[in-house]
Amino acid sequence: RQILRQEWLDTGAVDNLTEIWAQPLPPLDVDEGFLEIQVRDLNACFNLNAVASTATAQQAGRINLSRFKTLLRNLNLPEPVADVWLDWIDPDQEVGGFGAEDSEYLLGEFAHRTGDQLASHVSELRMLRDMNSEVYAVIEPYVCVLPNDQLRINVNTADPQVIAALNPSISAAQIEGIAMSERLYSDVNQVTAEIPELAAATDAFGVASEFFEIQIRAQVDDALVELSSTLHRNPNDGTITLLTRDFGKAFRSKFLEELTGPEE
């Protein structure tokens, strides 16, 4: 919390991967154990709630649904997942596109209903029709769930595949170029000058972040605790608010991944 607050005081409305919070830290030794902490920028991933079409933002919801389909297509995943997800979080029981509502889920082996509201956890994807562990494993690193229906991606920190979802005309070569670049943009105009295809998507990206996931793993003797907390940093005054805490999310060490490759 102190680091995120100080970064806001130092740099204001700009966040990038050179800042302290984004650096993988080695585990800290404590008596009879260790403590490891890492921060994930939740404005670097695709907010799944952004596909919802509210009464005041129907057009935005439709555009973001199309962007979600672009992300799925770029990841070689079935596009109907987007329609099924929209039916999961929309408030009605009308099947849209290739979606599914209660009438289908209640006939399944493990009968359940759709959420019919904005999702509170990304694992709700696992409840979707035809969702399997293979598809979930591919998409999970690129998506998240925020407590709103807004799509605001930080192009300084987002995975290139998430940025590419904003416009289907972005080529594979451009995606690779984004991945190789340092990305120290200080305003939106710098982004669109370098990537003109994003000019029509300024509603969905910026160069600052508001939501962060703080992951902690602590071990003392044989006792192990893993905690994931979601924080919101007010873009106007930099104040930090704790939104959620989750003891059920597995800790994947970015520090170990840099040393040895992804954890199994």
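Analyst: A residue is called buried under 20% relative accessible area, exposed over 50% and partly exposed in between (1.4 Å probe, protein chains only); on that scale Arg113 is exposed, because its relative accessibility is 53%. The model is predicted, with local features requiring pLDDT of at least 70 and side-chain atom pairs pLDDT 80 or more, while totals for chains, interfaces and linings use all residues. Residues are numbered from 1 along each chain as its sequence is written, and side-chain values use heavy atoms, leaving out hydrogens and water.

As context, the protein has nine helices and nine strands (DSSP runs numbered from the N terminus: H or I of at least four residues for helices, E of at least two for strands). Its C-alpha atoms fill a box of roughly 55 × 50 × 35 Å along the principal axes, and 44% of the 264 residues count as buried.

Turning to the pairs, a search of the whole structure finds nine salt bridges (a side-chain nitrogen of Lys or Arg within 4 Å of a carboxyl oxygen of Asp or Glu). Asp102 and Arg113 form one of them, at 3.2 Å from N to O. This pair links distant parts of the chain, 11 residues apart, with Asp102 in helix H4 (residues 102-105) and Arg113 in the loop between H4 and helix H5 (133-139). Asp102 is buried because its relative accessible area is 9%, whereas Arg113, as said, is exposed. In another bridge, Glu79 and Arg73 meet at 3.0 Å, N to O; Glu79 is partly exposed at 29%, and Arg73 is partly exposed at 37%. Arg217, for its part, is buried at 12% and forms a salt bridge with Glu226, the closest N and O atoms being 3.6 Å apart. Arg217 and Glu226 are linked with Glu36 in a network of salt bridges.

A negative surface patch is formed by Asp31, Glu32, Asp221 and Asp222. Patch residues have over 30% relative accessible area and no salt bridge, with like charges joined within 9 Å and nonpolar side chains (Val, Leu, Ile, Met, Phe, Trp, Tyr) within 5 Å; Asp and Glu count as negative, Lys and Arg as positive, and His and the chain ends are not counted, each charge being placed at NZ of Lys, CZ of Arg, CG of Asp or CD of Glu. Glu32 sits in the loop between S1 and strand S2 (33-41) and counts as exposed because its relative accessibility is 59%. Asp221 belongs to the loop between strand S7 (211-220) and strand S8 (223-233), is partly exposed at 48%, and has a positive phi near 55 degrees although not a glycine.

A nonpolar surface patch of about 290 Å² is made by Leu28, Val30, Leu35 and Val220 (areas by the Shrake-Rupley method with a 1.4 Å probe, only the protein chains shown counting as cover for residues). Of these, Val30 is in strand S1 (residues 28-30) and is partly exposed at 37%.
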